[in-house]
Amino acid sequence: MLKRCALVLTLVSTVLFATQAAHLGATSLPLTGAIVVIDPGHNGGNGADPAFIDHLVNAGGFWKACDTAGATTNSGYPEHVFTFAVAKLLQRDLRALGARVVLTRPNDRGVGPCITERAAIANRLHATVAVSLHGDGGPPYGRGFEVIGPGLVVSSVSNTAPILQASRHLASDLRRALDHVRGLEPSTYLGVAGIGTRDDLGGLNRSAVPKVLIECLNLRNASDALLATSPTWRATLAQGLTAGIETFLLGLHRHGPSTTTQPTESTTTSTTTTTVPTTTTSLPPETTIP
Ligand SMILES: [Zn+2]
């Protein structure tokens, strides 16, 4: 009987210790408290539902198709498969660092959501950061990645001013991280040194949280297609993306003061000075786009 009690006590204390250790581990992980929205571009059912995918949505003061079917490699490997596979790996890696990670679609068999809803998902969560993943269908001779940040788009349904600076930091951190991904290089045909800005993308224009869209590579390029179709390489890419997002999240406090203490002597610019979240709690609800 004594022996049995001792065994029970040992089991109880082991469970208690394990629970405590897990709790301590969870709170000491570097990205605990961060909310990351990963948006895998397109979806597996988009191509079969043109009526839904082609309907127009307000992309930031202008109308644009809800989404597209996405690109494919020359041998038919689809962009939506690539982006979803990378998103799942990225979700796993970021969760291991303590972040809460939400994908904008739960699988690769559905239709949509529209670009506006993809932005709204992150806005509603007051995400600390959001990243859209894509693979370009560019000219066969061009290869490489481009990290695209939002331009200034102010309309009745959008205002990117509050997220511009933070999104630039995010683009810069991701660009540096992607530079170290084996086999990958900054785009040879898009942007400048792997970074660009666009004001025609609804997913960026409608965002109220720091966000970038990444063309991870060019699926139409034979070398890039070899990378995209390799499970091993996709895991390497996810590690690179994780490193860039982690750098950004850990640097939010560092980024904050440098972007909120801009000189306001100029009356022409003082009214448009952008504000950036100075904590990891993301933008206040007031900035959510209606
Ligand atoms: Zn795409």
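Biologist: Which residue in E4 stands opposite Val-36?

Modeller: This is a predicted model, in which local features need pLDDT of at least 70, side-chain atom pairs count only at pLDDT 80 or more, and totals for chains, interfaces and linings use all residues. Residues are numbered from 1 along each chain as its sequence is written. Strands (E, at least two residues) and helices (H or I, at least four) are DSSP runs numbered from the N terminus, and two strands pair if DSSP finds at least two bridges between them. Strand E1 (residues 35-40) pairs with E4 in the parallel sense over four bridges, and opposite Val-36 in E4 stands Val-101.

Biologist: What is the order of the strands in the open sheet?

Modeller: The edge strands, each pairing on one side only, are strand E4 (100-103) and strand E9 (195-198). The sheet has six strands with mixed pairing, and their order is E4-E1-E5-E10-E6-E9.

Biologist: In E9, what is the bridge partner of Ile-148?

Modeller: E6 pairs with E10 in the antiparallel sense over three bridges, whereas E6 and E9 pair in the parallel sense over four bridges. On the E10 side, Glu-146 has Glu-215 as its bridge partner. On the E9 side, the partner of Ile-148 is Gly-196.

Biologist: Why is E6 largely enclosed by the rest of the structure?

Modeller: A residue is called buried if 20 or more other C-beta atoms, placed from the backbone, lie within 10 Å of its own, exposed if 12 or fewer do, and partly exposed in between. E6 is largely enclosed because, of its five residues, the number buried is five.

Biologist: What angle does the direction of H5 make with that of E6?

Modeller: Contact here requires C-beta atoms, placed from the backbone, within 7 Å, and angles run from 0 to 180 degrees between N-to-C directions of axes fitted to C-alpha atoms, for helices over the stretch in contact. H5 is mostly covered, with 13 of its 15 residues buried. H5 packs on the sheet, touching strand E5 (129-136), strand E6 (146-150), E9 and strand E10 (211-218), and its direction makes with that of E6 an angle of about 175°.

Biologist: How many contacts beyond four places in sequence does the model have for residues 257-290?

Modeller: The pLDDT, which is the predictor's confidence in each residue from 0 to 100, averages 84 over the protein, and 78% of the residues score at least 70. Over residues 257-290 the pLDDT stays under 50, and the number of such contacts in the model is 48.

Notes: Two residues are in contact if their C-beta atoms, placed from the backbone, lie within 7 Å.
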